[in-house]
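Hi,

Here is the structure I said I would pass on. Have a look at it, then read my notes below.

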Amino acid sequence: MLKGIRIIDFSNYLPGPYGSMRLAELGAEIIKVEPVNGDPGRHLDIKIEGTGAVFVANNRGKKSITLDLKKDDGRVAALKLIAESDAVLESFRPGVMKKLGLDYDSVKMLKPDIVYCSLTGYCENEGYRNLGSHDLNYMAVSGVLAQLKDRNGRPIHPANTMADYMGGMAASERILAALLSCKLTGNGGYHCISIAEVMASIMGNHLLIENETGYSNGISVLNGEIIAYSIYETWDKRFMALAALEPKFWVNFCKATGREDWIEAQFSKTNGDNPIFMEVTELFISRTMREWSEFGQAVDCCLTPILETEELKDFPLYKRTFEKNLSYPAIKMHGGLKSEVALPPKKGEHTEEVLTRESQRRK
């Protein structure tokens, strides 16, 4: 879909690489510019065939070149690449690319129609722009983390970096929109993505409801407060997600379990003072997760198992999503497209190929 589009990617760690990998899977040529020591993500945490899992998971299908951007020859090489490309993605702190002479104002002199995207924590927001931050910080200041609390009201530390992924998605979305605009108008432009703002943008329901009612936890019927939309434990200490919000789904559930007397209690509360909630809880505990999963497939009632990480690759729903030709599990982001998942590049693997090609192109 994006064949012929070239994007120069200066981003590291997770948000930027995830965003550019989404574009690589759609067919764009992504040239990842790494420092001499490589993307720091190569050295993080668990190693997969000698490379950090964070890098392996978020850099498939790209080309890697190494440049020392603090040296003149490195900057010159980067500028030459940008001049022959369609878009730039970078994730440094504000001001870093300007010091290197690779900021938008410098680049557009060489390539007036360049699409330039900076993926940052807070964009140019005074008081925050120069602060170092990570996913947990963006979750915190956006109000999203306050929505993930235990029964004692304490925020739960997420085991997935949702803000990083949302930021990467927003960057890829903006780049695609800007490329389309450039195609239609001939104009490029500069785009700054604030991950904190991206996360705050998903709080729309919460903000409106709180403003009108004072209730700060969004749509109440979706918060586990009613028996038809909640999480239930099974006999084997696993969990099922029941989301029978519409009456027809709840009726189907009640009829299939032989408890039509529960139908009128669909929106009753999930607390110990509600005898029907206690009965539903006991019913779920009477069967295993597998039994309930089979029930959920047979009965149209919005009932699904809460899967653990190791169960994803064998779950029937994802047969077309997992790449089978790699020695480690890799999940595609665009499962409906027929595309092979390429290996992540070795550090600087394509430096000679890319720079030689650019040299020949300019002759």
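To start with, does cysteine 182 count as buried or exposed? Cysteine 182 counts as buried, because its relative accessibility is 14% (buried means under 20% relative accessible area, exposed over 50%, partly exposed in between, with a 1.4 Å probe and protein chains only).

Before the rest, please keep in mind that this is a predicted model, where local features need pLDDT of at least 70, side-chain atom pairs count only at pLDDT 80 or more, and totals for chains, interfaces and linings use all residues. Residues are numbered from 1 along each chain as its sequence is written, and side-chain values use heavy atoms, leaving out hydrogens and water.

Now the cysteines. The count comes to one disulfide (a pair of cysteine sulfur atoms within 2.5 Å). Cysteine 123 and cysteine 192 form it, with their sulfur atoms 2.4 Å apart. The torsion about their S-S bond is about -125°, so the disulfide is left-handed. Cysteine 123 is buried at 10% relative accessibility, while cysteine 192 is partly exposed at 21%.

What about cysteine 117? Its sulfur sits 7.8 Å from the closest cysteine sulfur, in cysteine 192, which is too far for a bond. Cysteine 117 is also buried, with a relative accessible area of 1%. As for cysteine 182, this residue is in no disulfide: the nearest cysteine sulfur, in cysteine 117, is 14 Å away.
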